[in-house]
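Work through the exercises below with the sequence and the model side by side, and try each task before reading its solution.

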Amino acid sequence: MIIAELSHNHGGSITSLNEMVQAAAIAGAWGVKVQAHFATDLTAEFSHQYDRVKAAELSWDDHHYFVKMCSDLGIVPICSVYDEKYLPELHKAGYHWLKIGSAESHNGRLQTAIKARGFKVLLSTGGRDIEEIPRTSTVDGIFYCVSRYPHPPREVNFTTAFRMQHLWPGSPWGFSSHSDPEDSECLLPAKAALALGALYVEAHFTTRPRWATKDGKVSLSVKQLEALCRFDRMGDKDILIPSEMFHGAMTDDETNLIREAQFRWRVANDGTDND
């Protein structure tokens with residue numbers, strides 16, 4: 001299931017937001033994600049970003065509009081949340097799915113508060129050792145990502161994803177893609193994750209020129225998102241998963257899973273689909 005992460009790519013414009021949601025729905029994405037991120041919450045360290053963040057904020061009316069628009073298009077609205085004080089407003093807006101970003105992944109209290117209100121919880125592990133992240137409850141998705149924006153496509157370590165499955169045995173896993181969209185192999189890590197059994201793949205997405213948005217340097221184009229969604233719908237995922245995407249100590253079960261993946265998803269092409 002593909003999640004189109006809009007982040008601040010809409011720039012606070014409802015027109016751009018509407019355009020991106022419709023494009024993501026047409027491309028075949030399962031969900032679209034925005035953020036409940038407000039300039040007044042910036043710490044002193046990031047105060048120099050106040051004007052940029054303020055301009056890209058969505059009001060609570062905007063969030064209501066976003067949820068309704070997604071629902072009308074048959075796509076799941078998702079929101080990243082960084083503070084439990086916003087949970088009542090997110091509930092009023094009609095969200096059922098929330099994501100805890102890597103900056104707050106260590107916040108067990110936030111996990112507990114979100115679950116207590118009945119939301120579905122997606123949790124990112126980027127930027128932290130997964131052993132640091134409290135396992136307060138079963139989450140609805142645990143995401144592996146590379147916290148380098150952007151990163152070379154082969155700079156991933158899916159061994160970490162196998163470790164996540166051992167630590168959260170009742171939770172499906174996902175992958176947040178931040179690979180360089182200008183690289184010919186940009187879709188390779190996302191496709192490899194899907195081939196290895198990831199239920200979710202989250203990718204930044206924009207319909208605006210990449211240079212015009214803060215997250216454009218990691219954002220897929222419409223054609224790239226369409227290609228990823230097509231791959232997600234495939235029954236037999238023909239892809240070569242390079243061995244360099246696995247490093248570190250692995251159990252026998254993990255090694256067997258890799259061998260099974262290499263066998264099941266035969267080498268029919270080089271894993272790219274960047275049209």
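**Exercise 1: a strand pair and its barrel**

Solution: Strands here are DSSP runs of E with at least two residues, and helices are runs of H or I with at least four, numbered from the N terminus. Strand β7 (residues 173–177) and strand β8 (residues 200–204) run parallel and are joined by 4 bridges, where pairing requires at least two bridges found by DSSP. Stepping back, 8 strands close into a barrel in the order β1-β2-β3-β4-β5-β6-β7-β8, with parallel pairing. From one strand to the next the twist averages 25°.

The model is predicted, so local features need pLDDT of at least 70 and side-chain atom pairs 80 or more, while totals for chains, interfaces and linings use all residues. Residues are numbered from 1 along each chain as its sequence is written, and side-chain values use heavy atoms, without hydrogens and water.

**Exercise 2: the helices across these strands**

Task: state which strands helix α7 lies across, and do likewise for helix α8.

Solution: Helix α8 (residues 222–233) lies across β1 and β8, at about 160° to β1. These angles, from 0 to 180 degrees, are taken between N-to-C directions of lines fitted to C-alpha atoms, for helices over the stretch in contact.

How values were computed:
Contact = heavy atoms within 4.5 Å.
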